[in-house]
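I opened a new structure today and wanted to get my bearings. Here are my notes, in the order I looked things up.

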Amino acid sequence: MASWSIGSFSMLAPRDWQALKMLLPFVFEFKYRFAFCLLCLVLIQIANLANPYLLGALVDHFAVSGASDIAVIATIPVTLLLIYVFTRFAGLALSEIQNAVFGTVTVRGTRRLSLVLLTHLHGLDLEYHLSRKTGGLSRDMDRGIGALTGLIRLFTFSLFGMFMSIAGVVGVFIAFFGWSYAAISVVCAVIYAIYTVKVTAWRTPIIRRSNEAHSRAHTRAIDSLINHENVKYFGNERAETSLYDQQLTIWERARARNRYSLAALNIGQAFVVQFGLLFMLGLACYGVVQGEYTPGQLVMLNGYALQVFGPLGALGSIYRQLKQAFTDVEAMLDILDTQPSVSSHENAPLLPEGDGPIEFRNVHFFYKPDRPILKGVSFTVNPGEKVALVGPSGGGKSTIARLLFRFYDIHAGSISVNGIDIRELNLDSLRARIGVVPQDTTLFNDTLAQNIQYGLLSATQDDLRAAAHMAHLDSLIDMLPDGMETVVGERGLKLSGGEKQRVAIARTMLKRPTFLVFDEATSSLDSATEASIMHAITEVSEGHTTLMIAHRLSTVIDADRILVLAQGEICESGSHDELLAQHGHYEQLWKLQHREIDHETFQREANRRFSHAQ
C-alpha cells in the first residue's frame, strides 16, 4: 500500500496503516458525531479567519477617524467590536462543544479496544502466556490502547484542522495581499515539514528504546510484587530494588537522549517559523511605508501569519504525537498479530453427548524437538472408569492432561473423546465437558463464594452450598467470620493448600463436567490433609469418567486401572495388585514411597510423643 510522503520521507509505514484500519469501525459507528464535530471544526476555522480581519478593521477605523481623547468613546464602532468579541467566544465555545461530543468516541474506543485485546489474549494458547511476562504485557496493552484512541483525535481534528487553517490563510493571502505572501507560507511549510519528518525519523528509535526500557522496569516491579512472598523468604528486598533501579537507570538515560533530540527538533522548527515570520512581516512593513497597506492591514497580515505558523508549530507536535502513538502501538499490534496455534476449525462440530471413551492412540508430543515428552502413548479410559497415571517426575503425566484439554496439539497420533478426534471438535464444547483440578490451584483475589461460583457463573446460592458440601468445605466456611464472603487474598494466599484444593474441587463440580481430571491434586499436601482431600475426590468422581494423575501411589490404589508412564511411554498397566505382582516399575515406586510413608509416620509419632512428654 502506498504511503503518504513528503519528498522521499515516508510518513506512514505499513504497520501504521494497520493501526489506522482499526479506527474505521469507530468512525462508522459514530458517523453523526463525527459529522457534527467536523461541522464545528469548519465553523471554528471560519471564526479564526474572521478575527484578524475584524481586528484590522478596528485599527483602521481609529487610524482614519483621528478622534481626540474626548471624542474617543463616541467614535468606538460598537457593532464591529461586538462582532470581534463574539467570533472569538464562538470559536472557543465550539471547540469545547466539539471536545465534549467527541469524548464519547474516545471513551468508547478505549472500551472496545480493551475488550478486543483482552478477548484476543484469552484466545491465545498456553505457550504464549507462559513465555510472556505479565508486567510488560499489561504495560504494552495500556500504552497501545491509549495511543490508538489518541490517533482518532489526532487524525480527525488536529491534522485535518491544521490543513484547513493553512489552506484558508493561504487563500486570504492570495485574495488580499498577493502571491508573494502565499509563496512564503508554502515554502516555509514545506521546509518545516521535511525537517520535522527527517528529524522525527531519527528520533523514533530513541523513543522506542525509551519505551522498551520503561516496559522492562515495569515488568521487574510487577514480578517482584507478584513474588512478594519469595522476596521475603530470601530477604532480597534490596536486590529487587537494585534490579529495578538498574532498569530505571537505562530508562532515565534513554529519556535524556529523547529530551535532547526533542530540543534539537524544537529549535530547528522554531528557526524556520521565526525566519518565515520575519521575512513576511518585513515585507509587510515595507508595504506600509510605501503606502500599499494601511496599519490595520499590517495588523491583519500579522494575525494571518501567526495562523499559518501556529499550525506549522502544531504540525511538529502532531507529527511527533503520531510517531509516538505509532511507536507505542507496535507492541500491541504484535499481540494482535499473534495467532493461536490451537483453535477450532470453522463450523467444527460440538462434542457429542456421552461419558466416554477417552482414547489416546500412538500419541507423540514434544515442547522442543530435541526433547520428546511422549513417545507413542496409547490407552483408553472407558465410560465411568477411573484410570490413574503414575510414574516418576518429568515422565509426561501432566502433559497428557494438557493435551486432553487441548492446551497443545499433538505432533503424531490422535486423541479422541466419544469417538471423535478432539482436533475436529469445537474447542469450547470440549473444554466445557472436562473438569480439571490442577496441582497448583490459583484463586482470584475475591470472596470464597465468587471463587467457587467461577465454575458456573449462573449458579445459585443453593448450588454453591451443595458444591461446597461435596468438597467438604462446610467446616472451613463455618469457622470463617465472614463465611462464604471471606476474601481469600491474591492467588488464594489466605487459605492453606488443602483448603485451596477443596475450593478447586468445589468449583470444578459446580461446572458439572462429564469428564474429570485430577492433576496431582494432593502432591503438595501432608498425609492427613491428603487423606481428607482423597475422600472428597473419591466421592465426586463416583460415576464420572475420571483420569487421575498422581505422584503418590497411595492415592490411586482404588483406581480401576493404573498406567505407569516412564520416559514418555506406558510401560505397565493393571490394577494395584496386578502391578505389584509384575515386580516392575510400579513395585519399585511402591516400595520407595512406602519407606517414605513409614518414615513420615515414624516422625509424626515421635513428634507426638515428644509433645506429650513435654
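My entries go from the whole chain to the cores and then to the aromatic rings.

**Whole chain.** I noted at the start that this is a predicted model. I found 20 helices and 12 strands in the chain. Of its 614 residues, 44% count as buried. I looked up the accessible surface too: about 31,700 Å², with 60% of it belonging to carbon and sulfur atoms.

**Cores.** Which residues touch the most other members of the largest nonpolar core? I got L117, L121, F173, F177, Y181, M280 and F309, in a core of 49 residues. Helices α5, α7, α8, α10 and α11 each supply at least two residues of this core, and α11 has the largest share with 16.

**Rings.** I counted eight aromatic pairs. F271 and F275 are stacked, 6.1 Å centre to centre with 20° between the planes. Both sit in helix α10, four residues apart, about one turn of the helix. F271 counts as exposed because its relative accessibility is 60%, over the 50% cut-off, while F275 is partly exposed at 49%. The pair F405 and F407 is tilted, with centres 5.2 Å apart and planes at 55°. Buried or partly exposed, I asked of F405? F405 is buried at 15%, whereas F407 is partly exposed at 29%. Last, I saw ring pairs linking F365, Y367 and Y408 into a cluster.

Terms used. Residues numbered from 1 in each chain as written. Predicted model: local features only at pLDDT ≥ 70, side-chain atom pairs only at ≥ 80, totals over all residues. Heavy atoms only, no water. Core = buried A, V, L, I, M, F, W, Y, C linked by side-chain atoms within 4.5 Å. Buried < 20%, exposed > 50% of the residue type's maximum accessible area, 1.4 Å probe, protein only. Areas by Shrake-Rupley, 256 points an atom, 1.4 Å probe, with all protein chains shown as cover. Phe/Tyr/Trp six-rings, centres within 6.5 Å; stacked < 30°, edge-to-face > 60°.
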